[in-house]
Amino acid sequence: MPHTISSSRRLIYILLLLVITASITLSVFMERTAHNIRRNETPLLNHTIPQMRYLGDFESALLRYQLALNKRFTESITPERFVFLENMGRGELDASLAQLRPSLGDGPELGALRDGYQRIVALTPEFERHVGNDSAAARAVLVRMNEEVKQLRVRIDSLQQAVEDAIYDNGGMAHRAIGWITGLVHVFDVLALVTCLFMLYHVRARVRVEDELSHQARHDPLTGLAHRRSFEVRLATLPPVPHVVVLGTIDRFSRIIGGFGHAFGDRVMIGLAARIRGAAERSGGEVFRLDGANFAILFRMECSDPAFAEALSGLRDEVRNPYDCEGHEIYTTLSLGAVNYPQHGANPDALLRNADAALQAARKAGGDRVEIYSQQLNAEAGERLDMEALLRHAIEREELELHYQPQQALHDGGLVGFEALLRWRRHGKLISPAEFIPLAEESGLIVSIGNWVLEEACRQISVWQAETGQRVAVAVNISPRQFAAPGFLTHLEDLLATTHIDPSCLELEITESVMVEDAEAAIALLHRLRGLGLKLAIDDFGTGYSSLAYLSRFPIHKLKIDQSFVRNMHAVSEQGAIVQATIGLGHSLGLTVIAEGVESEAQRAMLSNWRCDEIQGYYYSRPLPAASALNFLEGSLQLQAA
Ligand code: C2E
Ligand code: MG
Ligand code: MG
């Protein structure tokens, strides 16, 4: 479009230049033509046209003189009357000759007229002498006089013809000039019209481009929704009537990107944004895309309105519907946080802060829910901040400890190793990692906490080895942020070098979400870790979105089937089928498969039937403090020996 505009602009300049040139040319031409017409008109009016009249007068006078002669010859007038008419005729001829002088000048034309006239007048005394006496002589004189009159009239005719020609010439010239001017005016009109049409076209195109630009300036290019800046402007100019401001996020959207890549994520985002918009607009809401998977929706109602509950449930249903993208069924949910305007905040800052607190509460509660803002939420947010401050000092205050959950081989029932699970002991109470790991992730504390866990696990491996003479395998959970942190690899190398443990005793559990940012870099790092001799496992397998193509490229040893599948596999046949298929998949890739969260004999038996390699769960043992884990280890060693 900009290219069309610049070329049409050039065309307009050319056309305008043509119009201006044509108008100047036209003006000059008209001026010159008018000047020429005026110049030719003056002599025409002053000389040529009067000359025509005086020539006519002269001819009439001549004819009257001739008539008087003829009447005298036929004696139809008396001699006295003839003398009177002859005198009068001569006077008329003299007068008209005098009138002709200014236009004809004293040149040969006037001379010829005067000579002819004088020759006639000179014959008059001879005619007078013969008339009445000698008719034949008088007739002869009259014939000569008539002959002179005839010649004089021929001369007058030719002079009149010359005058007529001059008038015609002048008229023709004016006619042609008017023809030219009319033609030029037509050309000018056409040119001006074409220019106007092009200008109209250009202006229309420009307006369209301007509209498009102003739309782009206010909208997100990917989804076409209004963007964060528009949302802020909208919030700042809200009229003082009740509104609900809703912040929403698509739960675990990063897993989709991690599993299928950014381009795929964009396509899913476009589809979901259209659904969110459609659902929100049906209830009169306005949708904005803030960033990533975050949206804002504005409704002109209150949180307590039944219509609001209806609008949000419509919205969540719309997102919850599986989204089919390039043959993949994508399941997503929405977390939403809502505030009332102006009740929960009269300015954009307060509204956004409180809506965000509500959203975070919805996410913290597991996502796929709506949280409406209350004072208590802020108190909880404050508590989270307090907890973060306390967690910061947990390592130096030695409040962290590791518990170890045994893992069992299904083929012989023997102990294969432990999973190290973090605990935070505060005032004698144990806090679950589920409560503080997300907080540590958010604040970045996970890196130092994770390092501590690795050091402690390595220390424990070497202590147990020293105490039992056995190499004990310990699996450690690595969070995505810790995995992506610079220095992760070097820290591990240093640790292996200083503790001298067998690297194959240490297993790193990573989740599929480590692929979120940069799958290629993650795969490269996994290769380096494997190169160190470490064992690698994928934790919570089946809950992420990793594609099988990626999985086959992960240089891992073990798949850990997530406990959510194990929990219901005997009751829900689909879950059983998933577990069975995962075991088959793991084996076909040459991986060891372990099932988490095994709580009953029935579950163990099923897994054993399906040739699962290992299990972990309350059925075999709960996570144990280090001392109890040592007892468990010694017991199992004795069993093995027996
Ligand atoms: P996870 O790695 O999947 O660990 C398994 C969780 O399931 C543990 O919860 C464990 O106590 C629990 N569990 C084990 N057997 C059973 C069972 O039979 N039934 C049930 N219902 N649960 C069972 P825990 O210790 O609360 O840890 C929760 C999550 O916290 C872990 O999930 C892991 O993702 C994370 N986590 C734990 N320790 C660490 C750590 O040191 N670093 C990092 N980054 N994350 C950790
Ligand atoms: Mg784990
Ligand atoms: Mg797990």
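**Close-up views of a predicted model**

**Figure 1. Ligand 1 and the side chain of N477.** An oxygen atom of ligand 1 sits 2.8 Å from an N or O atom in the side chain of N477. The protein covers 83% of the accessible area of ligand 1, which is 790 Å² for the ligand on its own. The model shown here and in the other figures is predicted. For E419, the distance from an N or O atom of the side chain to an oxygen atom of ligand 1 is 3.0 Å. For D540, a polar side-chain atom is 3.2 Å from an oxygen atom of ligand 1.

**Figure 2. The shell of residues around ligand 1.** There are 22 residues around the ligand, and those that come nearest are N477, D539, Q563, E599 and Y618. By type, the shell consists of 8 nonpolar, 7 polar and 7 charged residues. Strand β10 (415-426), helix α11 (433-443) and strand β14 (535-541) each contribute at least two residues to the shell. The largest share is that of β10, with 4 residues.

Figure 3. R426 belongs to strand β10. The side chains of R426 and H427 make a polar contact of 2.9 Å. R426 counts as buried because its relative accessible area is 15%, and the cut-off for buried is under 20%.

**Figure 4. A nonpolar patch on the surface.** The patch is formed by Y13, L16, I20, I24, V28 and M199. Together these residues have about 550 Å² of accessible area. Helix α1 (residues 2-73) gives the most to the patch, with 5 residues. One residue of helix α1 is V28. V28 has a relative accessible area of 46%, so it is classed as partly exposed.

Figure 5. Most peptide bonds are trans. The bond from Y341 to P342 is cis, with omega near 0°. P342 is in the loop that runs between β7 (334-341) and α9 (348-364). Y341 and P242 are 99 residues apart in sequence, yet their C-alpha atoms are 5.5 Å apart in space. P242 is in another loop, between α5 (228-236) and β2 (243-250). P242 counts as partly exposed because its relative accessibility is 36%.

**Figure 6. H500, a residue with a positive phi.** Most residues other than glycine have a negative phi. H500 is not a glycine, but its phi is positive, at about 55°. H500 is located in the loop between α14 (488-499) and β13 (506-510). Is H500 buried or exposed? H500 is exposed, because its relative accessible area is 67% and the cut-off for exposed is over 50%.

**Figure 7. R611, also with a positive phi.** The phi of R611 is near 65°, a positive value in a residue other than glycine. R611 is part of the loop between α19 (601-609) and β17 (614-616). The relative accessibility of R611 is 62%, so R611 counts as exposed.

Definitions and conventions:
Residues are numbered from 1 along each chain as its sequence is written. Chains are lettered from A and ligands numbered from 1 in the order in which they are written. This is a predicted model: local features need pLDDT of at least 70, side-chain atom pairs count only at pLDDT 80 or more; totals for chains, interfaces and linings use all residues. Side-chain values use heavy atoms; hydrogens and water are left out. A residue is near a molecule or strand if one of its heavy atoms lies within 4 Å of it. A polar contact is a pair of N or O atoms within 3.5 Å; within protein, one must be able to donate a hydrogen and the other to accept it, and residues adjacent in sequence count only if both atoms are side-chain atoms. Accessible areas come from the Shrake-Rupley method with a 1.4 Å probe; for residues, only the protein chains shown count as cover. Ala, Val, Leu, Ile, Met, Phe, Trp, Tyr, Cys and Pro count as nonpolar, Asp, Glu, Lys and Arg as charged, and the others, Gly among them, as polar. Patches are made of residues with over 30% relative accessible area and no salt bridge: like charges are joined within 9 Å, nonpolar side chains (Val, Leu, Ile, Met, Phe, Trp, Tyr) within 5 Å. A salt bridge is a side-chain nitrogen of Lys or Arg within 4 Å of a carboxyl oxygen of Asp or Glu. Buried means under 20% relative accessible area, exposed over 50%, partly exposed in between (1.4 Å probe, protein chains only).
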